[in-house]
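Walk me through this model, from the annotated spans to the helix packing and then to the chain interface. Keep it brisk.

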Amino acid sequence: MQFDSFAAFLDMGGYAFFVWLAYGVTFGSLGILIIHSLGQKRRVLIEISKKIIREERLKESRGNKS
Amino acid sequence: MWKWLNSYADPERSYNLAGKMLPWFACLAIALIGVGTTWGMLYAPMDYQQGDSFRIIYIHVPAASMSMAAYMGMATASFIGLVWQIKAADWAAASIAPIGAVITFIALFTGAAWGKPMWGTWWVWDARLTSELVLLFLYLGVIALYASFEDKVLAARAAGILAIVGVINIPIIKYSVEWWSSLHQPATIKITEKSTMTGDMLYPLLINIFGFGMMIGALTLVRFRAEVLARNGMRPWVRELAKAEAAK
């Protein structure tokens, strides 16, 4: 262990602002990317299912006219 | 062999294969980045000149090197898609682009946050930094081109050509610190000779580089699966999945 205490770890030898800024932005943007990527599949499938419902409705209304 | 390989270009098979590979990539990524970051932050010795600010290296170097590796992956996929007309390769390229853009942004941002305390400036217009910024714009260009055509076969062709032409930027980034004088230091990790870094500092760095690679792989698989579904909405197996998802 390189740090004597938790406070020393947080202080990063006086470079706390820069080190934690770098790590914060990195894991923050990775988190957003991961959540967005995981949600993509559901969004795509919902979009497709809406299309299916639209198509079926179209077919029905065509069938009623004739 | 071609016949065997081509069977994996089938959308349903590539979708299922990606699903099988995903947990391996994801678990390896989490384990490696967890170990590498903890080791680097807590146990790696302090740099005698830079103090603890050097600990930014454990995300900066993995992000920077993987931003180039991801670009090569994307350009290779685009090339395969263009030459052999394999749509799954085009979809893979389209899946990598946004991930590469985020990784490149991380490389630039952590570089700035490291540059401020060490060089006294967030940004300089020198060769390494500028060429890495060009890489970010190349990724954004590929994303924008792919998004701007309704016909995705055409979109993949346009974005693919840009991706392949952009490969010229990769050696420029790599050798910029040797060709031009720069504030940025030259490479520390060397493959052919001994690295100019002690093992206690180097091993967590190598672990994190590998971990970032696995993470990019895992995210590519996740996005690839969604892309396969989006491009095959008319196929019965995708429609079944869509109906099941809507029923939830």
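**Spans, helices and an interface**

UniProt, in an unreviewed entry, places the feature "transmembrane region" at residues 21–44, 56–84, 91–115, 127–147, 154–173 and 201–222 of chain B. UniProt positions are in the numbering used here, feature names are shortened, and annotations may be inferred rather than shown by experiment. This is a predicted model: local features need pLDDT of at least 70, side-chain atom pairs count only at pLDDT 80 or more, and totals for chains, interfaces and linings use all residues. Residues are numbered from 1 along each chain as its sequence is written, chains are lettered from A and ligands numbered from 1 in the order in which they are written, and side-chain values use heavy atoms, with hydrogens and water left out.

Start with the overall make-up of chain B. It has 9 helices and 0 strands. Here helices (H or I, at least four residues) and strands (E, at least two) are DSSP runs, numbered from the N terminus. Along the sequence the pattern reads α-α-α-α-α-α-α-α-α. The C-alpha atoms of chain B fill a box of roughly 65 × 40 × 35 Å along the principal axes.

Now set the annotations against the coordinates. Residues 21–44 of chain B are 96% helix and 0% strand, with end C-alpha atoms 32 Å apart. Residues 56–84 of chain B are 97% helix and 0% strand, and there the end C-alpha atoms are 42 Å apart. The unreviewed UniProt entry also places "domain: Cytochrome c assembly protein" at residues 27–184 of chain B. That span is 78% helix and 0% strand, with its end C-alpha atoms 34 Å apart.

Which helices does H3(B) pack against? Take H8(B) to begin with. H3(B) and helix H8 (residues 199–231) of chain B pack at an angle of about 45°, with their axes 9 Å apart. Axes are lines fitted to C-alpha atoms, for helices over the stretch in contact, and angles run from 0 to 180 degrees between N-to-C directions. H3(B) is therefore oblique to H8(B). Angles under 35 degrees count as roughly parallel, over 145 as roughly antiparallel, 65 to 115 as roughly perpendicular and the rest as oblique. Contact (heavy atoms within 4.5 Å) involves residues including Ile57(B), Pro62(B) and Ala70(B) of H3(B) and Asp200(B), Asn208(B) and Phe212(B) of H8(B). By class, this contact has 14 nonpolar, 3 polar and 1 charged residues. Ala, Val, Leu, Ile, Met, Phe, Trp, Tyr, Cys and Pro count as nonpolar, Asp, Glu, Lys and Arg as charged, and the others, Gly among them, as polar.

Next comes H5(B). The axes of helix H3 (residues 57–84) and helix H5 (residues 127–147) of chain B come within 11 Å and cross at roughly 40°. The two are therefore oblique to each other. H3(B) passes H5(B) in a left-handed crossing. Among the contact residues are Met68(B) and Tyr71(B) of H3(B), and Glu132(B) and Tyr139(B) of H5(B). The contact has 9 nonpolar, 1 polar and 1 charged residues.

H7(B) is the next partner to inspect. Its axis (helix H7, residues 169–179 of chain B) and that of H3(B) come within 10 Å and cross at roughly 160°. So H3(B) is roughly antiparallel to H7(B). The crossing is left-handed. Met68(B), Tyr71(B) and Met72(B) of H3(B) meet Ile170(B), Ile173(B) and Lys174(B) of H7(B).

Finally, turn to chain A. The "transmembrane region" annotation from UniProt (unreviewed entry) covers residues 12–35 of chain A. That span is 83% helix and 0% strand. At the interface, 47 residues of chain B are in contact with 34 residues of chain A. The buried area is about 3600 Å², of which carbon and sulfur atoms give 75%. Buried area is the accessible area (1.4 Å probe) that two parts lose on being put together, summed over both. Met41(B), Arg223(B) and Glu245(B) supply 16% of the area that chain B buries against chain A, more than any other three residues.

Terms used. A crossing is left-handed if the near helix is turned anticlockwise from the far one by less than a right angle, and right-handed if clockwise.
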